[in-house]
Every structure is written in C-alpha cells, then in structure tokens.
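Q: Hey, I'm new to this one. Can you walk me through it?

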Amino acid sequence: CEGDLKSYMVSCPDWLLVKDNHSKNWMDLDNKMTETIALVRAIGYKYFLMPEDPAMLVRSEEVEKLCFSVMNSMVYLINKICFAPNNTNPDGTDFDPEYARNRFLVKYQQFARKVEEHVAGPFIMGDTLPIHADYLLYACLSDIKNFAPQAITEDSKLGVFMDKFWSYRSPIRRWFKSNESKHGEYIRPPVPHIMELLPED
C-alpha cells in the first residue's frame, strides 16, 4: 500500500492486536487475515464505509471474527491435513480435492449459520449501502466459492447477499468482474496454491 494507506495496520481492531505471547493469534501465524482485516478497516475509514451506529459496529466486528476464523480454518485444513507429501495417493498425487472440500464444508456450514444471523439482508445493515465488513465478507465468500462451489447456493441468504453485492455499483464490484480478479484468491492464497491443485473441468 502507498500514500495514506501505507500505515493501514494502525486500523487493526483491538481483538486482533497481539499484546503479549499469550494473546497471539495462533490460527493466523503468517498474519495474512490480520493484515486483510486491518486494510479493509483502513479503507473503510478513508471512504466512510465504517458504520457510525455502535450496535452496527459490534455486528460488523462479529462478521470480521467469523471471516477470520473460516478463512484460516480453510487454509490450515488444506495445508496441514489435506496436503500431505508423506501420504502419496495411488495415482501419484498428494492432494485430494474432494476430501479437502468435504472436510471444509462441515466448517463452512457452521460459519454460514453464524454469519447469517448478522446479515440483516441483503447486506449486513439491511437494504442499504454496503459497509466495510460487506466487502470483506464478499471477498471471503468468493474464495470459498472458488474452492467449494457447492457450499453457497443461490437461494441461501449468503447466496442472495453475493448476488446483491455483485449487482451493486461500485469500483470494487467492477474489479471483481475484471480479468485481474480471476488470478488466484483474494484473501488467503495457500501454499500450495489451491487453484494449481484442483483438477481442470
């Protein structure tokens, strides 16, 4: 980041700040989700996307926490459980995408039930303009849909949210529709890279 967003980590919320060795976010040891949430907040403050109502700010923070958890769970599962170089499959591969998807879908269903409680519909604050956490949620759901397309159905509350966000007129929406957005994941490109491991249709 450049300019006034160069110091985006000053926008890191208190619940993500590392105060000592006992308060480290062990799920996010590479700090990617921590940095992402701080950056989204910094953009939110700059472009007036942060909710002013205290109750809505609390709600958006709960969405941040859920996104933090599900994205780190997905990457941990793929890197530490489903990608096992020492357990090579008979076909010579060391990654089973269907096993990875099935394991993750259990986590996703738990996430979806909780996050839907905080989405008034279609956006977090209701039928109004998106706030910073809507952009974070959409990016996370886009990554999830790339990895497990069956996770989000069109008629589900989060499916409706994605459709509404996709239709919302904004520069960020136009970026999501650009060719640039199609390269990799938006939030957490794991190692190995998910899209390099998935078989072609």
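Q: Which residues does Ser 60 touch, not counting residues up to four places away in sequence?
A: Ser 60 touches Pro 51, Ile 131, His 132 and Ala 133, where contact means heavy atoms within 4.5 Å. By the way, this is a predicted model: local features need pLDDT of at least 70, side-chain atom pairs count only at pLDDT 80 or more, and totals for chains, interfaces and linings use all residues. Residues are numbered from 1 along each chain as its sequence is written, and side-chain values use heavy atoms, with hydrogens and water left out.

Q: Where is Ser 60, then?
A: Ser 60 sits in helix 2, residues 54–82. Helices (H or I, at least four residues) are DSSP runs, numbered from the N terminus.

Q: And is Ser 60 buried or exposed?
A: Ser 60 counts as buried, because its relative accessibility is 0%. Buried means under 20% relative accessible area, exposed over 50%, and partly exposed in between, using a 1.4 Å probe and protein chains only.

Q: OK, new topic. How many salt bridges does the structure hold?
A: There are four salt bridges. A salt bridge here is a side-chain nitrogen of Lys or Arg within 4 Å of a carboxyl oxygen of Asp or Glu.

Q: Which side chain does Glu 61 meet at 3.2 Å, N to O?
A: That would be Arg 41. Glu 61 lies in helix 2 and Arg 41 in helix 1, so the pair ties together parts that are 20 residues apart in sequence.

Q: What about Arg 41 and Glu 64, what do their side chains form?
A: Another salt bridge, at 2.8 Å, N to O. Arg 41 in helix 1 and Glu 64 in helix 2 are 23 residues apart, so this pair also links distant parts of the chain. Both Arg 41 and Glu 64 are buried.

Q: Where do Glu 61 and Lys 65 lie?
A: They're both in helix 2, four residues apart, about one turn of the helix. Glu 61 and Lys 65 form a salt bridge, with the closest N and O atoms 3.9 Å apart. Salt bridges that share partners join Arg 41, Glu 61, Glu 62, Glu 64 and Lys 65 into one network.

Technical notes
Helix = DSSP H or I, 4+ residues; strand = E, 2+ residues; numbered from the N terminus.
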